[in-house]
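User: Can you go through the charged side chains and one of the sheets with me? Here is the model.
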Amino acid sequence: MKTRNIYSALCTTFVAGLVLVACNDYDAAQTAYEEIVDSDVTITPPNMDSAWELQLIPNVGQHSGEVFVYKDKKYDKLFTRTLGWNGGIGVQSTLLSDGNVFWAFNDSYYGVVDAETRARGNCNFPHNSIMVQTTVSGSLGETDDDLRWLVDYVQTNDPDGEGYYQAYAHIAPDETIMGETDEEYFYQIGGATVFDNNGVEELQMLWGKYNEEKMTRTGTCLAVYSLEGQPGNSTYLKIISKNEEFNIDDVGYGSTMWKDEDGHIYLYVTENNRPLVARTTTHDLASEWEYYIRDLNGNFIWQKMYPTKEERTRSTIMENNYVCSMPQIFRKGDYYYMLGQAKSYGHSVYLYRSETPYGPFTNQKILFNVPYSVDKIGNQYYKDLLRVNLHLELAREGELVFSTNTDADTVGDNFDFPGSADFCRPYFYRVFNWESIYDEDE
């Protein structure tokens with residue numbers, strides 16, 4: 001028998017065994033095990049620390065038994081809350097220059113949660129919210145005290161009074177609670193980046209502007225935040241400016257972004273599950289944008305004019321008609337990698353790669369499959385896997401860190417039943433040795 005880490009072998013065997021046992025094919029399961037332990041591949045497990053509170057999960061459908069996927073129980077607990085923010089559907093994070101991490105959420109729940117039953121009480125539902133995760137002695141803090149929710153509460157003094165620990169939307173045409181008033185527009189999160197404005201660092205963020213009645217996107221708002229001082233100061237992450245008419249983009253370029261060393265910020269979006277890209281002229285989001293479009297001759301060009309529907313339809317930056325939801329880009333070594341969720345709330349998380357941040361992205365692989373249930377009391381099976389988000393800022397050993405969002409079968413299930421507060425909130429996963437899925441190609 002060749003040398004192989006038995007821990008890795010057992011992980012892989014467990015995955016294979018789950019599938020084969022479901023078919024009652026125990027002989028095949030034994031054969032699979034023998035093939036694994038007799039292989040001449042040596043796999044080293046990740047360098048684990050018990051303080052991380054990781055829980056190995058089987059991942060049926062992943063490309064290679066060399067990929068290790070864990071539930072991150074530490075971060076799951078960190079986002080299991082009973083007072084104030086207790087849920088948010090969209091989750092994005094941005095590393096700030098001081099080492100803190102800026103978090104932004106779409107539709108969020110604020111109020112009180114019963115600690116024993118995990119049922120949401122009288123919570124409200126602002127369309128967006130922000131938070132900053134602070135550092136402790138140079139390392140990212142991972143306790144409840146390290147999460148600073150930057151929100152205006154209705155009131156926090158009277159537990160029996162109306163609006164206790166309920167909150168206003170962070171950014172809105174007017175400061176209002178929820179969408180209960182007749183607001184014409186509301187805002188949803190986009191990408192964010194740190195910008196050096198003549199030696200003064202600021203956070204720039206794109207917010208999608210939506211029509212409340214029609215639930216359609218009408219444009220983009222550019223908000224600029226101060227990074228002066230530190231969390232707790234009135235200046236820190238205060239909005240310096242807000243351009244609600246920044247552009248009339250009705251698709252959402254910049255839903256995610258990548259700041260590249262070539263001097264551009266690349267702005268990604270999916271339309272009909274096909275990734276598109278634009279870019280800024282400089283590292284300033286307010287600089288002129290260019291759109292990457294395939295012309296009628298089949299050649300890609302950068303154009304300054306906002307693309308038509310027809311231009312966008314033929315301009316996907318993926319080869320082989322690959323499709324995914326919400327592309328997210330990062331770079332390692334010679335390649336740019338794109339992550340995307342399978343369409344229609346699919347459970348597969350795909351990985352692609354390219355030699356440029358604008359594609360073409362090829363070599364589709366299934367990185368892992370998100371489980372169909374979450375760890376909670378009450379009903380553990382959810383309706384839709386709403387969003388898979390990449391958090392590069394949370395990595396410890398070069399792994400990929402994800403959060404997912406889920407919803408219940410009905411709106412009432414998000415409020416009224418035991419465990420309801422554990423729908424529509426993030427759950428976290430860490431994927432180690434992810435690069436190995438391309439080893440065969442190399």
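Predicted model: local features only at pLDDT ≥ 70, side-chain atom pairs only at ≥ 80, totals over all residues.

User: How many salt bridges does the structure hold?
Analyst: The structure holds 20 salt bridges. In one of them, Lys71 and Asp375 meet at 3.1 Å, N to O. Lys71 lies in strand S2 and Asp375 in the loop between strands S23 and S24, so the pair ties together parts that are 304 residues apart in sequence.

User: Which residues are linked with Lys71 in a network?
Analyst: Lys73, Asp76 and Asp375 are linked with Lys71 in a network of salt bridges. The Asp375 to Lys73 bridge is 2.9 Å, N to O.

User: Is Lys71 buried or exposed? And Asp375, buried or partly exposed?
Analyst: Lys71 counts as buried because its relative accessibility is 13%, under the 20% cut-off. Asp375 is at 33% and counts as partly exposed. Lys73 is buried, at 18%.

User: New topic. What is the nearest side chain of opposite charge to Asp260?
Analyst: Arg331, 4.5 Å away. Asp260 is buried but has no salt bridge, because a salt bridge needs the nitrogen within 4 Å of a carboxyl oxygen.

User: What else does Asp260 touch, leaving out residues up to four places away in sequence?
Analyst: Besides Arg331, Asp260 touches Tyr266, His283, Tyr336 and Pro357.

User: Where does Asp260 lie?
Analyst: In the loop between strand S15 (256-259) and strand S16 (265-271). S15 and S16 pair in the antiparallel sense over four bridges, and Lys259 has Ile265 as its bridge partner.

User: Which sheet is that, and what is the strand order?
Analyst: An open sheet of five strands, in the order S15-S16-S17-S18-S19, with antiparallel pairing. S15 and S19 are the edge strands.

Terms used. Residues numbered from 1 in each chain as written. Heavy atoms only, no water. Helix = DSSP H or I, 4+ residues; strand = E, 2+ residues; numbered from the N terminus. Buried < 20%, exposed > 50% of the residue type's maximum accessible area, 1.4 Å probe, protein only. Lys, Arg positive; Asp, Glu negative; His and termini not counted. Contact = heavy atoms within 4.5 Å. Pairing = 2+ DSSP bridges.
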